[in-house]
Amino acid sequence: MSLGSNWGRWVEGCSRTEDALSVAIVRVAIGLIVAGHVVHLAWSGALPLVWFDADHGGLRDLDEGALRWAGGAVPAVVVPVCVGTVVSALAMALGLTRWATWATWLGFQIIADLNGQAGGSYDELLTATLFLLGWSGAHRRLSVLRFFARPGSVADTSSLACVRWLLVLQLVVMYTSSAIQKVSAHWVPWGDHMALWYILQQPTWQRNPMLWVAPFAGLTRVATVTSWMFELTAPLLLVGAWFRETRTRAGVVRSLFNRLDVRRLQLLVGLGMHIGIEATMEVGAFSLASLALYVACFSPDELRRAAS
Amino acid sequence: MEIRNHLIAAAVLWHAVAMGVDATPDTSAGLKRSAWKEPTVQAEFQSWSAMLGVPQPELEDQLWTFAVGWNAARRSVVKPFHRYLSWAQCTQSWQMFVAPHTTPSRLQIQERLSADAAETWSTIFEERDPDHTWMADAFGVERMRASVFRWSWPSYETSWKRGCSALARLRFAESQSTSAVRCRFWQARTPSPEQVIRGELPKGKWMRPVVVERPE
């Protein structure tokens, strides 16, 4: 097969459109997660400490970044940006316009970048997801504007399918990259499998003291190996989702993947891992943002069938 | 085929490749010899040294050389994508719980009251302690936890001191009787499950105290 024909197939695949239902669900979830995250930070009293400059009650001198031109990380600037981000995130969840997604992407990156010592991987996951959603047609489905549409009017509900696949790829890249960097002797299968035991005992991340887990330490060892293997084999999720979507095509490997339903297995293990993380640790919006992307692994047809 | 479709296909390919390249391990954060002296890092070297049968100093030197070389090679590969990824806010740094902390630190904040002739310190906050909960809601959110986690490392000494000063200012503003605030870390090796069951908890020590006096 020539390079030209390969490129032709790639162009054809990338320009294919589908119903926007899957990405719309991701959009609603991510909008609510961003809004909830910023509101929670303000409610807890931590917002001034992490996002105001030291001279205005913050913990440290901040990298003012994009706010420098507006007067810096001072309350009169940071608070309106936070309010604007929450409003645009809610507008995005409601599906008002595509621009709400771009406004959320811009606002969230500005505030998240203010303090590099007070953030987590979920900042990157959220901004990368918002960027991709901005290019999708996610705002065309599950939008409140549909309630105000003229009866009988036909709306465009399409979205580029390739954006949904980039969301799946984002999830897979995150897991795989994370796994190959977990090189501690406590993580790797040929080590002592004690990683999760130690992490659960860290005051920084635990929700509550976790010494009571000691009699069940065998479970933390199993969970350590399972998490590491799950993350390392995350590319199987991408392949599994693709084979599921193209299950009518021929191929022994495709047939095997679909018979074992590799995609469902991967998603179930991931779901269990994130539920475990949320129950025992405080890692910000990481688990919710990751789980929101799981929806992208399902085609809109599958979701419609499941709903009906 | 429309030119628009070719542009979309090229953009998707560019984005996917950029993600993959940037997600390769970035070792620059670990290239601090001083941080390698931390007990947790030293314990990792000991474990790998024993597993591989290579003396620890030799292993550290080899790893340093590899990490420096890898970093230089990675930087040149990532460079063409760097501006795009930074602009799009799609950088792919996924270092999550790379190596669990085996000698974690627990933040404690204390105050000294001006009326206290004995000048004793009383605890107002301690991480995960239900009896000392000053600003516990704020300390409970992940962004604050991330800051506190970094403060416990020697390389964040400046942030640690600034942070304690900021917390002291808050305490002075809400409690006129507070004459000084002390921030410090309790550091102890995490016990094994067997030690916990036997009730043998390792001894720890107070680390890196910072005292902030109320300004005149």
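Reader: Okay, which residues form one aromatic cluster here?
Author: This is a predicted model, and in it A:Trp102, A:Trp105, A:Phe131, A:Trp135, B:Trp14, B:Phe81, B:Tyr84 and B:Trp87 make up one aromatic cluster.

Reader: And how many aromatic pairs over all chains?
Author: There are 25. Take A:Trp105 and B:Trp87: their ring centres are 6.0 Å apart and their planes meet at 65°, which is over 60, so that pair is edge-to-face.

Reader: Where do A:Trp105 and B:Trp87 lie?
Author: A:Trp105 is in helix α5 of chain A (residues 98-112), while B:Trp87 is in helix α3 of chain B (residues 56-88), so the pair joins two chains.

Reader: Is A:Trp105 buried or exposed? And what about B:Trp87?
Author: A:Trp105 is buried, at 8% relative accessible area. B:Trp87 has 51% relative accessibility, so B:Trp87 counts as exposed, the cut-off being over 50%.

Reader: Switching over to B:Trp160 and B:Phe185, what sort of pair do they form?
Author: A tilted one, with 4.6 Å from centre to centre and 35° between the planes. B:Trp160 belongs to helix α6 (residues 157-174) and B:Phe185 to strand β3 (residues 178-188), both of chain B, so the pair ties together parts 25 residues apart in sequence. Both residues, B:Trp160 and B:Phe185, are buried.

Reader: Last topic, charges. Which ring does the charged end of B:Arg184 sit over?
Author: The ring of B:Trp206, 3.7 Å from its centre. In chain A, the charged end of A:Lys182 sits over the ring of A:Trp187, 5.1 Å from the centre of that ring.

Definitions and conventions. Residues are numbered from 1 along each chain as its sequence is written. Chains are lettered from A and ligands numbered from 1 in the order in which they are written. This is a predicted model: local features need pLDDT of at least 70, side-chain atom pairs count only at pLDDT 80 or more; totals for chains, interfaces and linings use all residues. Side-chain values use heavy atoms; hydrogens and water are left out. Rings of Phe, Tyr and Trp (its six-membered ring) pair if their centres lie within 6.5 Å; planes under 30 degrees apart count as stacked, over 60 as edge-to-face and the rest as tilted. Helices (H or I, at least four residues) and strands (E, at least two) are DSSP runs, numbered from the N terminus. Buried means under 20% relative accessible area, exposed over 50%, partly exposed in between (1.4 Å probe, protein chains only). A charge sits over a ring if NZ of Lys or CZ of Arg is within 6 Å of the ring centre and within 35 degrees of the ring normal.
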